[in-house]
Amino acid sequence: MTARIEPRSSRSTERISTLLKHVAKSEVVQAFRPVWGANLKVRATFCDVLLICAIGAVCVVAVVGQPRARARDLGIAPGIYPPGALNAITDVEGVRVGHTTVIEGDRVRTGVTAIVPHGGNVFQDKVAGAVFVGNAFGKLAGSTQVNELGTIETPIVLTNTLSVGIAMDAVVRYTIAQGGNEQVRSVNALVGETNDGGLNDIRGLHVTREHVLEAIRSAKTGAVAEGTVGAGAGTVCYGWKGGIGTSSRKLASDRGGYMVGVLVQTNFGGNLTIGGVPIYKSLQPPNRPSASARPEPFDSPLILSLSKGERLAQDRRVEGQAPGDGSCMLVVATDAPLDARDLRRLAARAVFGLGRTGSSYSNGSGDFAIAFSTSPEMRSRFDETAARARMVLPTDATSPLFEAALEATEEAVYNSLFQATTVRSAIGTAEAIPIERVRELLGRR
């Protein structure tokens with residue numbers, strides 16, 4: 001974790017800043033990496049430091065005593081294909097992920113997540129890519145050119161709805177500043193979002209250009225932080241705290257041995273189902289006493305405990321938004337040599353995969369998937385005009401990849417829930433799903 005301190009002029013504050021920097025390097029604070037992500041911005045006064053230390057002491061006990069699980073820790077392993085070594089999108093060779101988590105005071109809970117397709121200059125060495133739109137109630141900047149040309153030329157950035165503009169600005173600046181791009185005069189920044197206004201002061205526009213650049217520059221291979229990090233810091237999924245989740249699948253050698261990795265930013269609703277078990281019938285978030293899709297009203301002790309008025313209230317809409325509303329951004333990476341047409345079909349399977357977890361795909365849900373191939377065969381060099389031969393996977397060989405994307409998406413959603421931690425702010429509260437209760441319910445199947 002990198003704790004960035006904004007220094008004050010006083011000598012005492014300088015000492016505090018030095019102390020915090022040492023604390024940030026300690027083994028205790030390193031334990032928070034899965035919770036806070038790669039970057040945490042801290043603005044500290046003397047009182048803030050005392051508060052941070054007090055909260056930190058409590059949180060350390062909680063984290064050490066009750067570590068958050070991933071789906072496989074609970075025996076949840078969707079599908080037939082095995083995961084990669086990391087069970088993450090970074091199992092696709094060369095793919096890097098970075099987060100900037102922005103937590104300030106009692107109102108700011110937001111951030112940025114960047115997915116970089118390979119370690120080189122992505123603008124000069126574009127990857128084949130495509131976008132699939134499940135429901136277009138959202139903003140995915142740059143998607144039209146991706147679908148027109150079939151290439152992705154920048155890092156993919158995820159953030160909150162009102163920060164898409166500043167994220168595009170940052171991606172453009174990052175791209176034109178790279179060596180070899182001195183003559184570039186057009187950049188198609190690819191930026192997606194979900195609305196974290198339920199927990200975050202989204203109108204405050206707290207994401208800055210530097211936050212976006214930090215996420216891109218800190219992107220790395222290896223394990224990916226999940227849950228309440230980056231663009232998932234303020235998101236809510238099925239009424240529980242959502243966030244970032246990831247998973248991967250590897251095909252057998254007789255099917256090409258290809259890898260498929262998925263990363264999700266979950267902020268949507270519906271009726272949570274895990275491994276085919278209707279969790280929503282027995283377990284609901286504290287602020288959502290019943291499922292939005294009107295489950296059978298008399299088959300659950302929870303429903304039986306409600307008054308008639310409370311049962312009727314389960315279908316009411318709050319401020320014009322249904323509990324099933326929200327959005328999900330999905331990023332799918334593969335090393336299979338797929339062209340843009342089949343990458344769009346692969347992206348579609350990721351959106352379809354949300355249905356396995358109970359997504360209601362409501363009117364107010366923005367469901368978008370971006371897919372790209374890291375295969376050198378499918379790269380497009382900037383200003384390339386000469387014809388060249390390519391090895392492209394035939395359409396009839398894509399079915400295993402589609403199934404892998406379905407499986408990885410389902411598991412990535414579960415990981416986003418299980419890895420998330422409770423978030424409270426002056427805007428609202430989202431509780432982490434109780435893992436032991438989920439384990440109990442799954443054990444009954």
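This is a predicted model: local features need pLDDT of at least 70, side-chain atom pairs count only at pLDDT 80 or more; totals for chains, interfaces and linings use all residues.
A residue is called buried if its relative accessible area is under 20%, exposed if over 50%, and partly exposed in between (1.4 Å probe, protein chains only). Residues are numbered from 1 along each chain as its sequence is written, and side-chain values use heavy atoms, with hydrogens and water left out.

Trp240 has a relative accessible area of 4% and is therefore buried. Trp240 lies in strand β10 (residues 240-241). Helices (H or I, at least four residues) and strands (E, at least two) are DSSP runs, numbered from the N terminus. Contact means heavy atoms within 4.5 Å. Leaving aside residues up to four places away in sequence, Trp240 touches Leu272, Leu283, Gln284, Pro285, Pro286, Leu417, Ala430, Glu431, Ala432, Ile433 and Pro434. Trp240 and Thr422 are 182 residues apart in sequence, yet their C-alpha atoms are 8.5 Å apart in space.

Aromatic pairs were examined next. Rings of Phe, Tyr and Trp (its six-membered ring) pair if their centres lie within 6.5 Å; planes under 30 degrees apart count as stacked, over 60 as edge-to-face and the rest as tilted. The count comes to four aromatic pairs. Among them, Tyr238 and Phe268 are edge-to-face, at 5.1 Å centre to centre and 70° between the planes. Tyr238 sits in the loop between β9 (236-237) and β10, and Phe268 in the loop between β12 (259-267) and α8 (301-304), 30 residues apart. Tyr238 is buried at 1% relative accessibility. Phe268 is buried at 2%.

Helix packing was then described. Axes are lines fitted to C-alpha atoms, for helices over the stretch in contact, and angles run from 0 to 180 degrees between N-to-C directions. The axes of helix α10 (residues 340-354) and helix α11 (residues 399-418) come within 8 Å and cross at roughly 40°. Helices α10 and α11 are therefore oblique to each other. Angles under 35 degrees count as roughly parallel, over 145 as roughly antiparallel, 65 to 115 as roughly perpendicular and the rest as oblique. The contact involves residues of α10 including Leu346, Ala350 and Phe352, and residues of α11 including Phe402, Leu406 and Val413.

Helix α6 (residues 164-177) packs with helix α7 (residues 209-217) at an angle of about 55°, with axes 8 Å apart. Helices α6 and α7 are thus oblique as well. Their contact includes Ile166, Val171 and Tyr174 of α6, and Val212, Leu213 and Ile216 of α7.
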